[in-house]
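Colleague: I am new to this structure and would like a close look at a single part of it. Could you take me through the aromatic pairs, and then show me what lies around them?

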Amino acid sequence: MLMQQARLPGQSNLIQQALIRFSRLEPQPNAGYWLLAADIAQQQHQFTRAKAALEQAAQLQQQPQIPLMQARIALVEAKPEQAMRYCQQLLTLQELFLFELCSLEVAGRNGQLANSYPLLQRVAKRNDIPAELRLYLQAVLAEQAEQLQQPVIAAQHLEPWLAQAPVPIWLKWADLLMTTAPQRVYAQLNKLAHELQLEDALLLRLARAEQLVKAGNRHLAAVTERIALRERRQDLLHSADLTYFYLFLQADNAKARRYAFINYQQAKEPDDLKLAQLSGWTQTELASLTKKGIL
């Protein structure tokens, strides 16, 4: 419950509570324990630990959450073929709907957007989708619409669900509209900031929107303090935030490039690749480093 709540805007402090409670537990011979261990590990970008925990869970009891989480981690690591193999395990568990969502997401990452996106749109018309899976579906729809160069439509896939959405969906929505409608981003995030203590990633978007609509620099001052503190602590868990800051709010190409490199070592999803490229890394350089085992 704490981990689910911690994904919402202004609630990330609950992760520490979850970590403390979990650390007091003895390892247990049930899949639920190891699924929770995997969830906590992946939240901290510790994907090797997460995968090991998922293997433990799979040995104890087959559950659809296991291959689904394994597929997501494979996508974070830019391994779509491996992800598809995990998706196919959902068929053996007779989870046809989850298999459809999982495989269509992977198909999009594999460049098959012309087929996967219309199929996802058809799936989205169903009105019997549980809330958690609905958010997953809408996030994949938005990603694929963005890849098809339709950022406004991509944002429309997310906007009706923001009230119940976790932080990553808020971030994607803000990024999609930052160029075309920064005033909407500013209005929504500023409202959130009056109600909640925003996570750094959300505050970064608010500060950027604040600049674009020429509403002052109050949020820029706040986020600058947070970034300085994170650098002093050498907190690199969220290097994407550091990259964003030095790309858009306090231009420093050397720092942006350094933090983008660190971030791409941790995660290789489309947004991570985009940050790296905006920081000056070329696809050829990243591919070469990946081949050498550096990334």
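Modeller: Happy to. Counting rings of Phe, Tyr and Trp (its six-membered ring) as a pair if their centres lie within 6.5 Å, the total comes to 7 aromatic pairs. Take F245 and Y246: their ring centres are 4.9 Å apart and their planes stand at 85°, so this pair is edge-to-face; that word is for planes over 60 degrees apart, while those under 30 degrees count as stacked and the rest as tilted. Y246 also pairs with Y259, and here the rings are stacked, with 6.2 Å from centre to centre and 15° between the planes. Because Y246 belongs to helix α15 (residues 239-249) and Y259 to helix α16 (residues 253-266), this pair ties together parts that are 13 residues apart in sequence. Helices here are DSSP runs (H or I, at least four residues), numbered from the N terminus.

A word on the model itself: it is predicted, so local features need pLDDT of at least 70 and side-chain atom pairs count only at pLDDT 80 or more, while totals for chains, interfaces and linings use all residues. Residues are numbered from 1 along each chain as its sequence is written, and side-chain values use heavy atoms, with hydrogens and water left out.

Elsewhere, ring pairs join F22, Y33 and W34 into a cluster.

Two loop residues are also worth a look. Most residues other than glycine have a negative phi. H45, however, has a positive phi near 60°; H45 sits in the loop between α3 (31-43) and α4 (47-60) and is partly exposed, with a relative accessible area of 27%. A78 is not a glycine either, yet its phi is positive, at about 60°. The place of A78 is the loop between α5 (65-76) and α6 (80-92), and at 42% relative accessibility A78 counts as partly exposed.

Finally, there is a helix contact to find: V167, W170, L171, A174 and D175 in α11 meet A201, L202 and R205 in α13, where contact means heavy atoms within 4.5 Å.

Definitions and conventions
Buried means under 20% relative accessible area, exposed over 50%, partly exposed in between (1.4 Å probe, protein chains only).
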